[in-house]
Amino acid sequence: MSSAARVVMGRAKRGLYAGRHIQFGNQVSEDGGNKTRRTWKPNVQTKRIFSFGLDRHIRMNITMHALRCIDKAGGFDEYVLTTPDHKLDNDQVREWRSIIGAIYAELYNVQVSTLTVKPGCEGQVPRHLQARLKGVRLEDLEPPKL
């Protein structure tokens, strides 16, 4: 199924949901085992997230799963640059990804040549800079442009 033909939950188009959608199932009673249809909605909160590439806070609806993924990736910029398209349902986030990618491409030409990492601190460097230190170019990391 191509990404253009994919059905996306309406709320996911207005926030960062990290592939989470409404799930359906049965609520089963304790005594009789009677089944009633019900839904589980994603845990969505309104949060402000700081982007170093855009140099500003971004207010958005975001699931707690996406927030944990952002923490694990090392920040909003790293998450957006490394997340596959099928988890970025929001067109605004895809636009931010292209802007952040262009900003980091400019910064690589200026700052990465002077980047020095203290021994033992390699794990604290963002993932895309670790790749740059190993000789991988940004074009290899960046997802295809839309």
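**Overall architecture and strand pairing of the predicted model**

The protein exposes about 9,800 Å², of which carbon and sulfur atoms supply 50%. The model described here is predicted. Of the 146 residues of the protein, 32% count as buried. Among the contacts in the protein with a separation of 6 or more, 44% are accounted for by residues 24 or more positions apart.

The secondary structure consists of 5 helices and 5 strands. Read from the N terminus, the order of these elements is β-β-β-β-β-α-α-α-α-α.

An open sheet is formed by 3 strands, arranged in the order β1-β5-β4 with mixed pairing. Strand β5 comprises residues 56-63 and runs antiparallel to β4, to which it is joined by 8 bridges. Within this pairing, arginine 48 has arginine 59 of β5 as its bridge partner. Helix α1, which spans residues 64-73, lies across β1, β4 and β5. The direction of helix α1 makes an angle of about 130 degrees with that of β5.

The loop between β4 and β5 contains aspartate 55. The phi angle of aspartate 55 is near 60 degrees, which is a positive value in a residue other than glycine. Aspartate 55 has a relative accessible area of 60% and is therefore classed as exposed, the cut-off for this class being over 50%.

A further antiparallel pairing involves strand β2 (residues 23-28) and strand β3 (residues 35-40), which are connected by 6 bridges. In this pairing, phenylalanine 24 is placed opposite threonine 39 in β3. The hairpin of β2 and β3 has 6 residues between the strands, and glycine 33 in this hairpin adopts a positive phi near 75 degrees.

Isoleucine 22 is located in the loop between β1 and β2. Although isoleucine 22 and threonine 39 are 17 residues apart along the chain, their C-alpha atoms are separated by 6.7 Å. The relative accessible area of isoleucine 22 is 30%, and this residue is therefore partly exposed; the class lies between the buried range, under 20%, and the exposed range, over 50%.

Conventions
Residues numbered from 1 in each chain as written. Predicted model: local features only at pLDDT ≥ 70, side-chain atom pairs only at ≥ 80, totals over all residues. Heavy atoms only, no water. Pairing = 2+ DSSP bridges. Helix = DSSP H or I, 4+ residues; strand = E, 2+ residues; numbered from the N terminus. Contact = heavy atoms within 4.5 Å. Axes fitted to C-alpha atoms, helices over the stretch in contact; angles between N-to-C directions. Buried < 20%, exposed > 50% of the residue type's maximum accessible area, 1.4 Å probe, protein only. Areas by Shrake-Rupley, 256 points an atom, 1.4 Å probe, with all protein chains shown as cover.
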